[in-house]
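Subject: Structure handover

Hello,

Here is the structure you asked for. Please open it first, then read my notes beside it.

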Amino acid sequence: MAVEVVPLTEADIPGAIEVIQRAFADDPYFKWVFDSSKVRSMSRNNYQEKEKKKRGAPSTPNHQANIHISRDAVNLTDTRCDWGIKNALFHVAKETREPDSKSHSTSLTPTPILGVSCWLPPHPSTQSESWYSWFQSWTLSFRQMLNNIRYFGRGGLRTNRYWIWKQRQAEAQAAIWDDPRGYYFCNIVAVSPEAQGMGVGRLLFEAVTKRADDEGVKCYLESSKSVPNVAIYERMGFHMSKEMECRDGVDACMVCTLYLFCCVWSWGWDSFGLLLTLIVGSCTAWSGIRGRSDSTFLFLFLLLLL
């Protein structure tokens, strides 16, 4: 299966929201911060038709299972997706098919979205927030407030728990974030249940971690689902940093914080000494195999490469 990772567009938002909703259905943090008895739902088909009408797309009947998703979380996510297109690194993973040989089509036809990721770009601690960034954040908050008024409340969001989490998050980041250049912060990563285990998540991560490697900037993420998520992230190079406890009375949610040191090679005397040690060690081992004259030639050859 060929998978491409591309920036999120407005046309992708309905499919992206469905993936996020399904992937986070059993997430411990979402279960802790939302009151399920107050969360209103709507059918997936009704939501998709509503979005197509809003965005001027043609209506297409969907005969798949009429899965119910949270209407209020959809409105919250929809608002954030619109914001993320302009202000974040928002990507979607799609399966692509080869052109149909019968129709001689020259374009690839994308199938439904398989995964979604949203990363916030690094912000240097010494750099003040730009007016554009401030205005975009204010606009996001205003649109979320309008949604709250429109749908008579926050749809089950326990606001006290939300602010408990924000406080714990701020404390964790203050303790962990020591790079003045800032961090690439993975805000969302979600893979459709049908596509899990197929490498889609890794492709979504690499779309940003390779860029972070090139820039020499660290990456950071949080996960309230320690099993199996932490082990998966560690296989991609992340390291467990600490756990933060979000507690409201007897109910608590544990959130793991992880960071990624990007592969940056910085030349200096320490690096030169290490490389020289490797060269000498290689020549010593070679001399035991081919003789002293060959090892001397190899040593001089490797030095010339420097």
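Start with the aromatic residues. Phe24, Tyr29, Phe30, Trp32, Phe34, Tyr162, Trp163 and Trp165 form one aromatic cluster. Keep in mind that this is a predicted model.

The search for aromatic pairs gives a count of 15. One of them joins Phe24 and Phe30. Phe30 is partly exposed, at 32% relative accessible area.

Trp177 and Phe185 form an edge-to-face pair, because their planes are at 80° and anything over 60 degrees counts as edge-to-face. The centres of these two rings are 6.2 Å apart. Trp177 is partly exposed, with a relative accessible area of 29%. Phe185 is buried, at 10%.

Helix α6

Now look at helix α6, residues 159-176.

Which residues of α6 are buried? They are Arg161, Ile164, Trp165, Gln169, Ala172, Gln173 and Ile176. These residues cover an arc of only 160° around the axis, so they sit on the same side of α6. Trp163 and Ala174 are on the other side, and they are exposed.

What do the buried residues of α6 pack against? Their partners are helix α2 (28-33) and the strands β6 (183-191), β7 (218-223), β8 (239-248) and β9 (251-260).

Helix α1

Helix α1 covers residues 13-23 and is mostly covered itself. Eight of its 11 residues are buried. Those are Ile13, Pro14, Ala16, Ile17, Glu18, Val19, Ile20 and Gln21.

Salt bridges

The whole structure holds 13 salt bridges. Here are some of them.

Asp35 pairs with Arg158, and the closest N and O atoms are 3.9 Å apart. Asp35 lies in the loop between α2 and β2 (41-43), while Arg158 lies in the loop between α5 (131-150) and α6. The pair therefore ties together parts that are 123 residues apart in sequence. Asp35 counts as buried, at 16% relative accessibility. Arg158 counts as partly exposed, at 24%.

Asp251 and Arg161 also meet in a salt bridge, at 2.8 Å from N to O. Asp251 belongs to strand β9 and Arg161 to helix α6, so this bridge ties together parts that are 90 residues apart in sequence. Asp251 is partly exposed, at 37%.

Next, find Arg211 and Glu215. They form a salt bridge with their closest N and O atoms 3.4 Å apart. Both residues are in helix α7 (residues 200-215). They are four residues apart, which means a separation of about one helical turn. Arg211 is partly exposed, at 39% relative accessibility. Glu215 is also partly exposed, at 39%.

Finally, go back to α1. Glu18 is one of its buried residues. A network of salt bridges links Glu18, Arg22 and Glu194.

Best wishes

Notes. Residues numbered from 1 in each chain as written. Predicted model: local features only at pLDDT ≥ 70, side-chain atom pairs only at ≥ 80, totals over all residues. Heavy atoms only, no water. Helix = DSSP H or I, 4+ residues; strand = E, 2+ residues; numbered from the N terminus. Expected span 1.5 Å × (residues − 1). Buried < 20%, exposed > 50% of the residue type's maximum accessible area, 1.4 Å probe, protein only. Arc of directions from axis to C-beta. Contact = heavy atoms within 4.5 Å. Phe/Tyr/Trp six-rings, centres within 6.5 Å; stacked < 30°, edge-to-face > 60°. Salt bridge = Lys/Arg side-chain N within 4 Å of Asp/Glu carboxyl O.
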